[in-house]
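Welcome! Take a look at the model below, and then we will walk through it together.

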Amino acid sequence: MSQHADLASNTAVNETISSLKKDSIVAEAWKRFKKNRLAMVGGMILCLLVLTAVFAPLISPYDPYSSVKNQTGMLNVMAPPSGEHWLGTDSLGRDILSRLIYGGRISLSVALVAVAISTGIGVLLGLLAGYYGKWVDAVIMRVTDIVICFPVLFLVISVSTMLTPSIYNVMIIIGLVSWTTMTRLVRGEVLRIREMEYVEAVRALGQNNLVIVFKHVLPNIMAPITVQATLQTAEAILTESALSFLGVGVQQPIPSWGNMLQDATSIMVLQFKPWIWAPPGIAILLTILSINLVGDGLRDALDPKTKN
Amino acid sequence: MHKENILEVKNLVKWFPVKKGLFSKTNSYLKAVDDVSFSIPRGEVLGLVGESGCGKSTTGRAILRLIEATQGEVLLEGQDLYRMGKTALKEKRKDMQIVFQDPYASLNPRLTIRSIIGEAIKLHQVVSEKERDAFMEELLYEVGLGKHFLNHFPHQFSGGQRQRIGIARALAVRPKLIVMDEAVSALDVSVQAQVLNLFQDLQQKYGLTYLFITHNLSVVKHISNRIAVMYLGQIVEISEKEEFFRNPQHPYSRALISAIPSSSPEIKRERILLKGDLTSPVDPPQGCRFYSRCPEAQAICKEVQPPHKEVGNQHLVACHLR
């Protein structure tokens, strides 16, 4: 009897609860993200950058690879911004705006692939270390410690000079050295989730470990993984720019924001021709700033503890 | 009347190594469960009581092999779970289930109730795929929830409802033994009573056997047939419920019973107050574990561990003074 009364009241209560909380976790996070103005601005800038990268061939006014000649038939080298070339031309007479747009394409895709690689490795190792523990954990974490000790930039420089420097090598190398933070993060989260009673409950059912890890553990740590991957993207763009700037990353004539800055190594250019180095510099700055803003916004939006 | 034992636990031991520093060897152990033996007849409820940290939950988990015991045997229907291969154990798991304490941590927040309960049914092929939905609806009805809840997520439920889902998940594989690990402790008192009654109804309906772990003697008094009292990793007294409350033998049991709040201010009971704190289970004393807090302690208690003595019909107590 009491059970049925209970059932009736449960139903009533639950109807109100479900009308209040109908949204999924994603929708709720988006609601919180929208309230964060800085993150929204970052998101919009990022969207803009991604769109220009995707539609580069439609937007860019000139071919980024070919030099432009002026009326006298000479190469139009280092021309200041004008109506014809909004951001001027570089030392080989190529249109800077076009190269900037194509360079964004390269820089963003290098970063995305690199982050995909590092997230893949990092999440996998973190899951293994956290869930299986014992010697698996010990080995993985010691390897991680060793990789953390590598001076990344020097390692990347020497490796990419040993291999032929190319855009693909840059992707792989950045991916292979930047998974450590993700591994540590994921391991920690898995250690937390592994002890949750719902994981014990499926273990009590005799579910196999692979299913437990991918169905019960991984979905519950997606929030910190997403945030970390976002922030890592900014870092990958920065590393790619540094490498390309030093001439061991993306090679000329393929434009990337990093190798566009190469011209800025001359004092002459630095002092008198800011249109050559300012656009890629600002592009890098804006991208990284907006990615970090989005990352911070995501962190706040996905963490239910910051709910107010 | 003698019933067969569905569960027999023999000399169960779980020691956790205590490590200090990175390279040092393990030099001490946390003896969470130290030589625990008991059995539960089919269809009965054994209440396992004791204060926090005495090893109740560790015992429950070691019985289900959710953690590996250091030593000992756990016989479920005569078969030792610790001498079983992986496949045999997995098969056996559908006979024994667990319901947890924290209703907020025991359901995966990313899954609907349908997939939470469905996983259990699928894994052990309890019913065919066609009948699965009907079976799940029946299960929910069984625990007092409507079938439309199947598509809801755990955060849409209250604590009591979640606990009902927890029991539905456990029931889904038609188990014979359920370990109730503080299953009502996290609920407030009115809900506690409802859920407790539900547990009792289900137990009687399906002839289930419960190992009911709790720190609440009133709960145990309500639901159990037999009661075992644990102190610092050992069972100090085990007896039929009526006998236990009428005639507690161990000084610790007496102290526990005297601490049950009385329902009327008229009833005056002598309160036995224990001095000191629970002794650390890391390297416990060699004599009686209760020695440091026992109001009746003698010289012998410090030296020799008391054996279990039979003081009545199936009433065992570990105390030198009985």
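Predicted model: local features only at pLDDT ≥ 70, side-chain atom pairs only at ≥ 80, totals over all residues.

Residues are numbered from 1 along each chain as its sequence is written, and chains are lettered from A and ligands numbered from 1 in the order in which they are written.

**Confidence in chain A**
- The mean pLDDT (the predictor's confidence in each residue, from 0 to 100) of chain A is 83, and 89% of the residues score at least 70.
- Confidence in chain A is lowest in helix α1 (residues 2-20), with a mean of 49, and highest in helix α9 (residues 180-194), at 93.

**Chain B as a whole**
- Chain B contains 10 helices and 12 strands; these are DSSP runs, with helices being H or I of at least four residues and strands E of at least two, numbered from the N terminus.
- The C-alpha atoms of chain B fill a box of roughly 70 × 60 × 45 Å along the principal axes.
- Of its 322 residues, 42% count as buried (20 or more other C-beta atoms, placed from the backbone, within 10 Å of the residue's own).

**A helix pair in chain A**
- Helix α12 (residues 222-245) and helix α15 (residues 274-302) of chain A pack at about 170°, with axes 8 Å apart.
- That angle makes α12(A) roughly antiparallel to α15(A) (over 145 degrees).

How values were computed
Buried ≥ 20, exposed ≤ 12 C-beta atoms within 10 Å, placed from the backbone. Axes fitted to C-alpha atoms, helices over the stretch in contact; angles between N-to-C directions. Parallel < 35°, antiparallel > 145°, perpendicular 65-115°, else oblique.
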